Amino acid sequence: MDFRIKVRRAAEKDKLLQKELLAACAVDPLFFINVFCYILEPREGEEASGMIAFNTWEHQDPVVASIAFYLGRRHIIGDKSRAQGASWMMVALFVWAFLFKPNCVLGIGSKDESTADDPDNPESLGWKIDFILSMLPGWMLPEFERKASKHTWSNKDNGAYIKAYAATAGIGRGGRPQGQVRPREFENVRRPIR
């Protein structure tokens, strides 16, 4: 905590330090998470607030690094167990990409709409995204738009975008009707023999 406080205080009025910190965060999601992110853990925290610094555990570090490498390049689906920080880890990575990966389009899903994104539900992924963003220093935040009714976040500075989805059969389909694999006009087209 002393290091976090020292860094924030030093960067408040030092534009060069801000620029250097942003560059460090952009290349290293673990630096971003371990220096700037906070989470809400009801069983812990200062004065029963539940708010604690997000300091990754040793077993989370290679997972964060691997997911950051593939984030926005491939679908990432994973099983998780309780009390391992998987939800907060994914949300922090999405916020990192939202801030530092231009034109990154990301979708995050949960079992239903309420747990995917409900600004009034601390158990929802969307609430957690909002929480992490709200705890960042102002100089780190881009101009962004949050549309709760559409479950989206749009970074106006770099074109990055997050959408929260309920885990239905059509999750993240991008407007294609369910069950339609390819357009009808291609059904009877023969492929050349190689």
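**Notebook: core, helices and strands of a predicted chain**

I began with the largest nonpolar core, which has 48 residues, and noted that F32, F36 and L99 have the most contacts inside it. Helix α5 (residues 86-100) gives this core its largest share, twelve residues. For the record, a nonpolar core is a set of buried Ala, Val, Leu, Ile, Met, Phe, Trp, Tyr and Cys residues joined through side-chain atoms within 4.5 Å, and buried means under 20% relative accessible area with a 1.4 Å probe, protein chains only.

I kept in mind that this is a predicted model, in which local features need pLDDT of at least 70 and side-chain atom pairs count only at pLDDT 80 or more, while totals for chains, interfaces and linings use all residues. Residues are numbered from 1 along each chain as its sequence is written, and side-chain values use heavy atoms, with hydrogens and water left out.

I then looked up F32 and, leaving aside its neighbours within four places in sequence, found it in contact (heavy atoms within 4.5 Å) with C25, C37, A92, V95, W96, L99, F100, L136 and M140.

Next I turned to the elements: the protein chain has seven helices and six strands, and from the N terminus on they run α-α-α-β-β-α-α-β-α-α-β-β-β. These are DSSP runs, helices being H or I of at least four residues and strands E of at least two, numbered from the N terminus.

For helix α3 (residues 29-36) and helix α4 (residues 61-70) I noted axes that come within 9 Å and cross at roughly 125°, the axes being lines fitted to C-alpha atoms over the stretch in contact, with angles from 0 to 180 degrees between N-to-C directions. P29, L30 and I33 of α3 make the contact with D61, V64 and A68 of α4.

Among the strands, I found that β3 (residues 105-110) and β6 (residues 161-166) run parallel and are joined by six bridges, with Y165 of β6 as the bridge partner of G109. Strand β5 (residues 152-155) pairs with β6 in the antiparallel sense over three bridges, and here W153 has I162 as its bridge partner; pairing requires at least two DSSP bridges between two strands. In the hairpin of β5 and β6, with five residues between the strands, I noted a positive phi near 80° at G159.

Last, I recorded that buried residues make up 37% of the 194 residues in the protein chain.

Key. Buried means under 20% relative accessible area, exposed over 50%, partly exposed in between (1.4 Å probe, protein chains only).
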